[in-house]
Amino acid sequence: MTSNTTIDFSKKSLVFITGASKGIGRTIAIEISRKLKPSSILVLIARSRAGLDETKFHIGEINKSLHVEIVTLDLSKPDSNKYNDIFKKVLSKTNSNDVNTGIIFHNAGHVATVKQTTDLTELAVWREFYDMNFFSCVLLNNVFIKSLRLVVPKLVVTNITSLTGHVPLKNLSMYGSGKAAREIFFKVLALEEPNIIVLNYSPGPVETDMFNCIAETAQSEDLRQSFNDIKNSTILTTTKTVNRMLDLLEKGDYKTLDTVDFYGRL
């Protein structure tokens, strides 16, 4: 396994970000645009065109030299053919000849149904959740690697994971199982592909729509109380946790089989 996990943002990069229309995904796009070499390419992926346009506007205020592509895509309907078409289109529209680093941030997802485990009886709900949170991520990632490995010298895969994939919390069996599945998928990828940098990053408790949804709608009073206590005390901003992740990537202070939490390794 390669020990060189550092990323040199001063070299031209091609960066894909899912869930880039708001929250952590938007913040990744904004903060990485401060670091990227001029002429680097950012590909923003999400369902909301309006949200993506707003993210692109913020990037333009920071770094007008970046080439920003917007892809409106519903990741709840996994489709390898569609993903292949997206990568072909991006590569045909952009100058990727001198790109040094290809990076994908798997950030898109939703919190699912926050209920007692025994109440999660609808198969269609489970399938929709795994289509969005796991299968689309797997297929998009594989297309990313196969499309770019012969074009770009260094490939970097970053999976936004969660403590809930390690620690059982009431009402979060659906969400936590999805995060655990994604994490082990990327750990196996890291074993099989030693020349690809893989980071599982857990952002900690972050002020997002997803966090607020759990705090307000969880069936468990204990979980609601716990999340509201965090919200009133130690909750992180998206900017703080994203900059911690980018700092990790820049310094390479991890191994590709690691899962790193905002506060340290899990």
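This is a predicted model: local features need pLDDT of at least 70, side-chain atom pairs count only at pLDDT 80 or more; totals for chains, interfaces and linings use all residues.

Colleague: Which residues line the second largest cavity, and what is its volume?

Modeller: A cavity is a space where a probe fits but cannot get out. Here, H110, F129, N133, Y175, G178, K179 and R182 line the second largest cavity. Two elements, α4 and α5 (173-192), each give two or more residues to that lining. Its volume is about 40 Å³. By class, the lining comprises two nonpolar, three polar and two charged residues.

Colleague: How many cavities of 30 Å³ or more does the structure hold, and which residues line the largest cavity?

Modeller: The structure holds two such cavities. The largest cavity has a volume of about 50 Å³, and its lining is made up of T18, L75, H106, A108, M132, S136, C137, L140 and R182. Helix α4 (residues 123-148) contributes the largest share of that lining, four residues. Sorted by class, the lining residues are five nonpolar, three polar and one charged.

Colleague: How should I read a pocket, and what is the volume of the largest pocket?

Modeller: A pocket, in contrast to a cavity, is an open set of points. The largest pocket in this model has a volume of about 1,000 Å³. It is lined by 43 residues, and I24, Y175, T208, M210 and F211 lie nearest its centre. The elements giving two or more residues to this lining are α1 (23-33), α4, α5, α6 (209-217) and α7. The lining divides into 22 nonpolar, 16 polar and five charged residues.

Colleague: Which residues are closest to the centre of the second largest pocket?

Modeller: The second largest pocket holds about 160 Å³ of space. Its lining has 11 residues, of which P153, K154, L155, N195 and I196 are the closest to its centre. Strands β5 and β6 (196-202) each supply at least two lining residues. By class, this lining has five nonpolar, three polar and three charged residues.

Colleague: Let us turn to the backbone. Which residues other than glycine have a positive phi, for instance near 75 degrees?

Modeller: One of them is N171, with phi near 75 degrees. N171 sits in the loop between β5 (154-160) and α5. A112 likewise has a positive phi, about 75 degrees, although it is not a glycine. A112 lies in the loop between β4 (101-106) and α4.

Colleague: Is N171 buried or exposed, and why?

Modeller: Buried means under 20% relative accessible area. N171 has a relative accessibility of 3%, so it counts as buried. A112 also counts as buried, because its relative accessibility is 18%.

Colleague: Is E221 buried or exposed, and where is it placed?

Modeller: Exposed means over 50%. E221 has 58% relative accessibility and therefore counts as exposed. It is placed in helix α7 (residues 221-231). Its C-alpha atom is separated by 32 Å from that of R47, which is 174 residues apart from E221 along the chain.

Colleague: Finally, which residues form a nonpolar patch on the surface?

Modeller: L163, V167, L169 and L266 form such a patch, with about 300 Å² of accessible area together. L266 is found in the segment after β8 (264-265). With a relative accessible area of 44%, L266 is partly exposed.

Methods
Residues are numbered from 1 along each chain as its sequence is written. Side-chain values use heavy atoms; hydrogens and water are left out. Patches are made of residues with over 30% relative accessible area and no salt bridge: like charges are joined within 9 Å, nonpolar side chains (Val, Leu, Ile, Met, Phe, Trp, Tyr) within 5 Å. Accessible areas come from the Shrake-Rupley method with a 1.4 Å probe; for residues, only the protein chains shown count as cover. A salt bridge is a side-chain nitrogen of Lys or Arg within 4 Å of a carboxyl oxygen of Asp or Glu. Buried means under 20% relative accessible area, exposed over 50%, partly exposed in between (1.4 Å probe, protein chains only). On a 1 Å grid over the protein atoms alone, a cavity is a set of points where a 1.4 Å probe fits but cannot get out, and a pocket is an open set with protein on both sides within 12 Å along at least five of seven lines; lining residues have an atom within 4 Å of a point. Grid points are joined across faces, edges and corners, and a volume is the space filled by probe spheres set on the points. Ala, Val, Leu, Ile, Met, Phe, Trp, Tyr, Cys and Pro count as nonpolar, Asp, Glu, Lys and Arg as charged, and the others, Gly among them, as polar.
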